[in-house]
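Please read them with the structure open.

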Amino acid sequence: MEHRTRAAALLLAGGMLITGCSGGMDATSSADRQSAARKEPGPPGGGQPAPAAPSAAPDGAAKGDGAAEERRDVAAPDYLSTFALDVDTASYGYARRTLGDGRLPDPGTVRPEEFVNSFRQGYERPKGNGFSVTVDGARAGGESGDGSGKGAADWSLVRVGLATRAAAPSSERPPAALTFVVDISGSMAEPGRLDLAKKSLTILTDELRDDDAVSLVTFSDEAETRLPMTRLRGNRTKIRDAVEEMEPTDSTNVEAGIVRGYEEAVEGHRKGATNRVVLLSDALANTGETQADAILERIGDARREHGITLFGVGVGSDYGDALMERLTNKGDGNTTYIADETQAHKVFVDQLPAHVELRARDAKAQVAFDRENVKQFRLIGYENRKVADEDFRDDSVDGGEVGPGHTVTALYAVRLREGASGRVATATVRWLDPRTREAHEESGSVRSGSIDGPLWGDTGERLQVAAVAAYFAETLRGGELPGMPRLSELASRASKLADGTEDSAVRKLATAIGRADRLKGGDGPKGDGAAEGEIG
């Protein structure tokens with residue numbers, strides 16, 4: 001019991017308890033404040049309230065007990081978790097680059113959801129244009145005698161998996177109108193920056209269809225349009241020449257580049273096409289406006305009225321991760337990071353041409369935990385994507401944009417009550433159709449019997465890969481999770497999973513964990529606590 005108490009104390013220290021159990025807690029929760037910051041102007045009236053969490057009287061009280069009702073008003077634990085979907089992977093890509101350079105990543109750049117979402121999960125795909133919802137999990141405690149899982153006997157990992165239908169053949173998607181905004185500041189002269197961006201755009205020029213169109217904007221201290229919106233048919237050489245002429249110079253004015261880029265995107269806007277701005281930069285802004293919200297305020301009308309989304313591609317050993325991530329989150333898009341030509345080929349050949357189309361706009365997920373079976377839970381990651389529970393069905397509140405063939409995974413550390421039996425959680429995803437803006441929902445749930453198997457047993461290799469990625473990220477940012485193994489053990493598990501899945505991405509994960517172990521090594525104790533509801 002003592003070692004479990006220590007573990008939960010560490011878990012609670014990793015994030016703020018939002019259960020309302022503290023009498024001194026501010027009346028406005030952190031989720032409410034984060035949601036207010038994310039809210040975009042929308043139609044008056046707002047949306048419908050989210051469904052109530054599964055009801056149950058507080059421990060030791062019967063329903064209808066007046067004292068119990070008063071206690072619930074004052075300190076009712078929160079059994080809902082709501083967040084905007086996120087398909088970013090840049091945090092993991094940049095961490096791998098940093099570790100490859102012999103350095104540990106800055107903990108502030110480590111986002112567990114982007115580590116987890118970097119790996120295939122094998123979810124069943126929906127037949128239509130919406131989402132499939134998969135909810136499963138396993139006990140977090142390790143196998144007997146393997147040295148992991150201390151203090152995790154009553155904790156489980158619950159995986160919420162969302163997937164969209166795979167991309168249609170290139171010939172079947174709508175045409176694309178892409179505006180490339182390329183950083184040519186002095187910092188982009190380093191190998192692996194502008195040279196990689198030029199190679200990437202040259203590759204993409206060969207992959208796009210004849211009826212697609214591109215424009216090219218460059219920026220340093222000022223922005224310049226190098227190429228107005230131009231159809232690919234008959235103009236590929238012209239486009240390649242414009243790309244090849246780019247050379248690094250002067251300082252980094254990201255604001256100027258994005259504003260000019262959106263102006264070009266609006267001017268070249270094509271009805272019925274997928275209109276997108278693609279930003280390639282190290283995001284080390286040092287001239288003009290350097291704050292993401294202020295930059296995006298300049299182009300707010302273009303985003304809202306024309307539905308133009310922003311795709312960020314980060315480069316460079318020194319990289320402005322926070323700025324790029326904020327820009328794409330607020331710019332209705334997503335971000336990735338490339339460190340070499342192999343990764344550039346993956347993004348610009350395997351992904352971008354097929355994924356320029358959107359499957360969902362303003363997508364949010366809400367997970368309702370059954371308070372009769374669940375004592376505590378914590379969403380791993382997504383800290384800057386949280387949405388107030390009551391805003392789940394308010395479609396004026398910003399969500400995430402998701403393309404075809406994407407998967408989104410959210411992992412929860414869940415502590416079950418003694419004797420738990422029955423439903424553990426129900427996950428609902430809500431999104432807007434990109435063309436009609438009609439709202440849709442899909443749900444899935446999991447029961448206690450489905451998460452009873454040991455994580456490192458026969459629960460499935462893809463769930464184990466997701467767990468390894470999440471534990472790795474949590475270790476890098478100095479956090480704690482019940483049952484979290486040491487880095488050396490994570491590296492060993494990742495290596496075995498790479499053999500079993502024959503997945504080169506998992507092999508690279510094992511290599512990255514091994515490098516981190518050599519640079520960092522060790523982990524702390526794990527334990528327990530008595531609070532209820534949502535942690536972090």
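How many of the 536 residues of the protein chain, as a percentage, count as buried?

1. Basis and overall picture. The answer is 58% of the 536 residues, where buried means under 20% relative accessible area, exposed over 50% and partly exposed in between, with a 1.4 Å probe and protein chains only. This is a predicted model, in which local features need pLDDT of at least 70 and side-chain atom pairs count only at pLDDT 80 or more, while totals for chains, interfaces and linings use all residues. Residues are numbered from 1 along each chain as its sequence is written, and side-chain values use heavy atoms, with hydrogens and water left out.

2. Composition and surface. The secondary structure of the protein chain comes to 15 helices and 16 strands, taken as DSSP runs (H or I of at least four residues for helices, E of at least two for strands) and numbered from the N terminus. The protein chain exposes about 20,700 Å², of which carbon and sulfur atoms supply 46%; the areas come from the Shrake-Rupley method with a 1.4 Å probe, and for residues only the protein chains shown count as cover. Among contacts (heavy atoms within 4.5 Å) between residues at least 6 apart in sequence, 81% join residues at least 24 apart.

3. Strand S4 and its neighbours. In strand S4 (residues 176–183), 8 of the 8 residues are buried: Ala176, Leu178, Phe180 and Val182 cover one side, and Ala177, Thr179, Val181 and Asp183 the other. S4 pairs with S7 in the parallel sense over 7 bridges, two strands being counted as paired if DSSP finds at least two bridges between them, and Ala176 has Thr274 in S7 as its bridge partner. A further 7 bridges join S4 to strand S5 (residues 213–219), again running parallel, with Phe180 partnered by Leu216 in S5. The chain passes from S4 through helix H6 (residues 194–207) to S5 in a right-handed β-α-β crossover, meaning that, with the strands pointing away from the viewer, the path from the first strand over the helix to the second runs clockwise.

4. Strand S8 and its neighbours. Strand S8 (residues 309–314) has 6 of its 6 residues buried, with Thr309, Phe311 and Val313 on one side and Leu310, Gly312 and Gly314 on the other. Strand S7 (residues 274–281) pairs with S8 in the parallel sense over 6 bridges, and in this pairing Leu279 has Gly312 as its bridge partner. S8 also pairs in the parallel sense with strand S9 (residues 334–337), over 4 bridges, where Val313 stands opposite Thr336. From S8 the chain crosses through helix H11 (residues 321–330) to S9, and this β-α-β crossover is right-handed.

5. The mixed sheet. An open sheet of 5 strands has the order S2-S3-S13-S11-S16, with mixed pairing. Strand S2 (131–139) and strand S16 (533–534) stand at its edges with a single partner strand each, so one side of each is left without a neighbour in the sheet. S2 and strand S3 (residues 155–164) pair in the antiparallel sense over 9 bridges, and Asp136 has Arg159 in S3 as its bridge partner. Helix H13 (residues 461–476) packs on this sheet, touching S2, S3, strand S11 (374–379) and S13, and its direction makes about 110° with that of S3; axes are lines fitted to C-alpha atoms, for helices over the stretch in contact, and angles run from 0 to 180 degrees between N-to-C directions.

6. Gly460. This residue is found in the loop between strand S15 (439–447) and H13, and Gly460 is partly exposed, with a relative accessible area of 31%. Its C-alpha atom is separated by 9.6 Å from that of Gly137, 323 residues apart along the chain.

7. Aromatic pairs. Rings of Phe, Tyr and Trp (its six-membered ring) pair if their centres lie within 6.5 Å, with planes under 30 degrees apart counted as stacked, over 60 as edge-to-face and the rest as tilted; by this rule the count comes to 12 aromatic pairs. The rings of Phe369 and Tyr412 have centres 5.1 Å apart and planes at 70°, so this pair is edge-to-face. Phe369 lies in strand S10 (residues 360–369) and Tyr412 in strand S13 (residues 407–416), so the pair ties together parts that are 43 residues apart in sequence. Phe369 is buried, with a relative accessible area of 0%, and Tyr412 is buried, also at 0%. Tyr79, Phe369, Phe377 and Tyr412 form one aromatic cluster.
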